[in-house]
Amino acid sequence: METNPIPVVTVQTSPFDDQRPGTNGLRRKTEVFEGKKNYLQNYIQSLLSSIDLRDRQGCTMVVGSDGRYFSRAATEIIVQMAAANGIGRLVIGHNGLLSTPAVSCIIRKIKAIGGIILTASHNPGGPGGDFGVKFNVANGGPSPDTVMEKIAQVSRTLEEYTICPDLRIDLARLGRHDFDLENKFKPFRVEIVDSVEVYLNLLRTIFDFSAIKSLLTGPEQLKIRVDAMNGVMGPYVRRILCDELGAPANAAVNCVPLEDFGGRPPEPSLTYAAPLVDAMKGGDFGFGAALDADGDRYMILGENGFFVNPSDSLAVMAANLSCIPYFRQLGLRGFARSMATSTALDRVAKALKVTLYETPTGWRFFGNLMDSGRCSLCGEESFGTSSDHIREKDGLWSVLVWLSIMAVRKQGVEEIIKDHWAKLGRNYFCRFDYEGVDPRAAFYLMRDLEGVITDKAFLTQKFAVGTNVYSVERADNFEYIDPVDGTVVRNQCAVLLCCKYTNTTLTLYQHLFERVHPLRAVLGPLIAIALKISDIHERTGHRGPTVIT
């Protein structure tokens with residue numbers, strides 16, 4: 001306990017008009033958070049003030065980051081402001097590091113009121129990169145719309161914030177630290193905890209670690225290569241895959257968290273994880289994976305660089321959950337996928353006689369289904385997959401699911417995928433990302449595109465590409481009615497176009513993605529149709545996509 005109480009200071013400020021959080025919290029260029037006076041403080045105060053004072057006083061919150069630039073300075077400010085605003089206890093990862101799945105895990109384990117995660121996911125780091133603040137609620141999942149709107153309302157009228165500027169905490173020193181403050185609240189406590197331990201203990205209850213260890217160390221040892229992309233997952237990969245499950249130390253690469261992620265976007269894709277792809281193409285490894293900055297997304301590769309698209313990965317996991325003790329014990333309560341994800345999961349659900357839910361983009365919709373006991377497994381097209389063990393996407397959990405399937409089936413990645421296609425059919429899928437698009441150009445493109453596809457005449461159109469003729473099967477602006485609470489989500493700016501030909505699906509939505517497949521011989525015509533309808537290259541000035549998944 002401090003000898004002299006630490007003063008609580010009230011600071012006058014002015015509101016910002018751009019602090020309404022989105023699906024993944026508040027994300028801006030790092031220079032905005034670092035350079036605009038009180039920008040971070042205003043947002044943290046808005047976040048804390050959105051919690052009712054009676055609930056806030058003495059409560060427990062979790063704080064973690066993906067280690068990107070400005071995280072340490074931001075964590076210190078959060079600690080100082082949490083203390084001044086009546087939070088009773090903060091649980092923070094060692095050196096400030098906690099993966100997004102680990103934060104969700106800890107919130108649920110200790111019954112915290114919520115958690116703050118400093119991350120911009122797969123966006124670039126460093127002074128010239130991006131920074132973000134995400135608030136997860138008491139179920140461990142992302143904030144629902146009601147919470148985000150409350151934060152936004154507070155931010156628009158904020159005139160002051162409270163802080164304890166003299167409070168200092170050593171994020172490298174594990175253990176409990178108590179502070180006496182000059183206010184009416186109880187002593188303030190900060191606990192610096194092992195970043196991996198609680199999450200690892202949860203994984204031990206889900207998987208057969210002995211089976212995975214035999215796969216990685218036995219006489220027919222599977223050689224793996226996992227790229228942590230210099231994000232927060234380095235300590236998790238080394239501790240769990242190497243120390244716990246026996247993979248050799250050189251199986252884990254880029255495991256030192258760096259503030260700029262080594263100068264590349266920490267995105268697990270064929271584009272940004274190119275070194276892993278090249279290593280896998282050499283044939284020396286039978287399994288490869290990459291994980292993003294905060295550990296909620298992943299990519300799977302098989303021997304010789306065989307790429308598993310995220311929709312197929314989700315479907316294969318669903319079809320093989322009996323390989324996981326957790327699901328053998330609890331059974332299957334339903335599957336869910338985002339609207340932009342291919343219908344490969346739907347085929348599995350039908351085969352297993354399991355209910356399938358199609359949701360808008362955003363993990364909070366999955367959380368509602370899971371909290372009500374309706375869903376066991378969920379996923380989206382952007383390499384996010386998880387189950388009801390937490391309420392977040394979970395990259396390393398997904399890797400362990402794949403290793404468990406391989407251990408039980410005694411097959412390689414490519415063989416498992418092709419066997420799945422042979423049994424249930426194949427849904428062709430790809431994603432085009434257009435990065436750095438001018439927001440105004442994106443807005444008008446989507447506005448005009450929606451006008452085109454909602455015209456009744458569009459449903460009768462046919463598109464000829466070469467000798468193939470395509471007719472429109474469905475086109476709409478996606479709407480979702482939550483089966484749990486009945487809330488309706490409209491105007492998702494998502495346009496779905498289904499063309500009757502080889503049972504394929506092409507999707508366009510606000511983020512300017514096109515769902516097609518790299519096998520141009522199969523889906524090349526759909527690419528041409530999508531580009532023609534959207535006029536995306538001409539209207540954005542892009543000559544092609546930045547990333548192809």
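In the predicted model, residues 328-423 are 49% helix and 17% strand, with the end C-alpha atoms of this span 22 Å apart. Residues 199-305 contain 34% helix and 15% strand, and their end C-alpha atoms are separated by 30 Å. Both spans belong to a feature recorded in an unreviewed UniProt entry as "domain: Alpha-D-phosphohexomutase alpha/beta/alpha", which the record places at residues 19-160, 199-305 and 328-423.

Strand 6, formed by residues 130-136, is mostly covered, seven of its seven residues being buried. In a regular strand, side chains alternate between the two faces of the sheet. Burial extends to both faces of strand 6: D130, G132, K134 and N136 are buried on one side, and F131, V133 and F135 are buried on the other.

Strand 6 takes part in pairings with strand 2 and with strand 5. Strand 2, residues 26-29, runs antiparallel to strand 6 and is joined to strand 6 by four bridges; within this pairing, L26 is positioned opposite V133. Strand 5, residues 114-118, is likewise paired with strand 6 in the antiparallel sense, over four bridges.

When neighbours within four places in sequence are set aside, the contacts of N38 are with Q12, T13, F16 and Y161.

Definitions and conventions. Residues numbered from 1 in each chain as written. Predicted model: local features only at pLDDT ≥ 70, side-chain atom pairs only at ≥ 80, totals over all residues. Heavy atoms only, no water. UniProt positions renumbered as here; feature names shortened; annotations may be inferred. Helix = DSSP H or I, 4+ residues; strand = E, 2+ residues; numbered from the N terminus. Contact = heavy atoms within 4.5 Å. Buried < 20%, exposed > 50% of the residue type's maximum accessible area, 1.4 Å probe, protein only. Pairing = 2+ DSSP bridges.
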